[in-house]
Structures are given as structure tokens and as C-alpha cells.
Amino acid sequence: VPAGHPLPDDARYFAVAASGEVERRSIFRSRLLGRDLILWRADSGGLNAWEDRCPHRGVRLALGANMGTELRCQYHGIRFSSGDGRCTAVPSQPAQVLPSSLRPKIFACADHSGFAWVTLAATSPMPPLRVESGLTLRSMVFAAPTPDVRQAICAYRFGSESAASPEKPHSVKFQLLDPYHVTVSAHTGEHLTSITFLIQPVDQETTIVHGRLDEEVRQADRVKILRDHNDRMSIMREVVERTAPKAS
Ligand code: FES
């Protein structure tokens, strides 16, 4: 991509989950730019992002089982290896040479800054994204297109100045780092706190927002802070969903 040109979405990395949500021996379903995906973690910790479709007969791989080093399709039990997706066993034909062409569609993915990132490209270098460590907010699904959600996030308010008045206007700042990556900063008591929102365009009508507060909070304050942001985001969601154009 020439310098100065926006990255096409299918070459861009998106955060689709907090890394901890993609647990060993389970399968995490997601959707990105209209594509159904599964994320699954091998026992070694290696992350996989595959199309949610078995290359054999098209059954959803999300219905299968994470065996630790392989994923087993639920329908005919064919197994695919972590990493390269190579077929490792066809139970109905144990004597047959394993078909090397039978592989799920694999997307490049990585754990980075505590999130699981996926690009719809098969390979793509991970950009030097940096999300400060701190408190990961609860992800929220919006039944609204991504541009509407992005606009709402840029107006997100929190902190001690969230009740601004004409005498005491907001000094909240936002920074649009790229179309899917917004940082909002505000004073919370003594210091300036920032939240980085990571926007996941699910499809034309749905968007998921992930968020991270840039400070470690005391265990005693965790639940309160998480609830506060969850409440603010829920209100934002209500407004966005009410005004978002409905799919026909
Ligand atoms: S559809 Fe997956 S193994 Fe047959």
C-alpha cells in the first residue's frame, strides 16, 4: 500500500476478542466484515483464526471440538492441525492418503496487547499497534453500522468532567488513530485517563466495540469502573441503535 493511502479493510488487523476470551480447548466464534470466523487456541498457546466452514462439506467448524493440537469437525470427524490447517485424520477412510488440499481457509492472526487480532488476509505483517495495558472493558455489540458507532465513540464522555456545564466545559479529547481505533481521554480525579476503543466491523448492520482503559485500577475499584463504562456504553448504544438506519 503506498504511503498515505488508507489500508484496505481486508489487509487490516482488527481486534476481535480479548486474548483471554479465546481459551484453550474451546472455540470462539466471531464475524468480521461479513465473514464468519472461528478463533481457537492450541494447548501450546498458538492462536488460529479460520473461516467457520469445514472444507469438506461446509459444516460450521464452530460446532466441532478443539482437541488441543487439532480441530475436529463435528460432522465426519475430519481433523485439521493448528497452524497450517493441514488435514491430519479422515476417520471414515483411515487407510487413505490424507488429502493435502483439504484445509480450512486460514486468516493471519496474532495476540497483541492483550487482544486477539485477525486480518482477512492469509498473511500480513502485524502493524506496530500499541494498546496501553490496563483494564479491559467489556466488549459490546451494537446493532448499527460501523460509521455510526465510530461517530458516537468520538463523543464518548467519562471521568470527573462528564457532567460538563457551560461554565465548566469538557476538556475531553479524542483522537482518531485510524478508522477503527479511537482514543478518548478525560480527567478522572487527579490524572488524565485514556480509553482506546477498538472497533470491529462485523457486517453492514453490526459492530462490536472493545475497549481498554490505560491504567491499572485497584481491585476494589474494578467492578465499579467496569460497570460505569458498561452503563455509559449501553446508553450510547441505545442512542446509536435508535438512530441507525435499519436493514431492509
Ligand atoms: S463436513 Fe466437516 S468433516 Fe465432513
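**View A. Antiparallel pairing of strand 2 with strand 3.** In this predicted model, strand 2 (residues 27–32) and strand 3 (residues 35–41) are joined by 6 bridges and pair in the antiparallel sense. Within this pairing, Phe28 stands opposite Leu39 of strand 3. The hairpin that these strands form has 2 residues between them, and Leu33 there takes a positive phi near 50°.

**View B. Surroundings of Leu39.** Leaving aside residues up to four places away in sequence, Leu39 touches Val16, Val22, Ser26, Ile27, Phe28, Ser30, Leu47, Asn48, Ala49, Ala116 and Val118. Phe28, which is among these contacts, is also the residue that stands opposite Leu39 across the strand pair.

**View C. The largest nonpolar core and another core apart from it.** The largest nonpolar core comprises 39 residues, and Leu39 and Phe197 are those with the most contacts inside it. Helix 1 (residues 146–154) gives the most to this core, contributing 4 residues. Another core, of 16 residues, lies apart from the largest one and includes Ile27, Ala42, Trp50 and Cys73. In soluble globular proteins, nonpolar side chains tend to be buried together.

View D. Strand 8 is joined to strand 7 (residues 79–81) by 2 bridges, the two strands running antiparallel, and Arg79 stands opposite Ala89 in strand 8.

Key
Residues are numbered from 1 along each chain as its sequence is written. This is a predicted model: local features need pLDDT of at least 70, side-chain atom pairs count only at pLDDT 80 or more; totals for chains, interfaces and linings use all residues. Side-chain values use heavy atoms; hydrogens and water are left out. A nonpolar core is a set of buried Ala, Val, Leu, Ile, Met, Phe, Trp, Tyr and Cys residues joined through side-chain atoms within 4.5 Å. Buried means under 20% relative accessible area, exposed over 50%, partly exposed in between (1.4 Å probe, protein chains only). Contact means heavy atoms within 4.5 Å. Two strands pair if DSSP finds at least two bridges between them.
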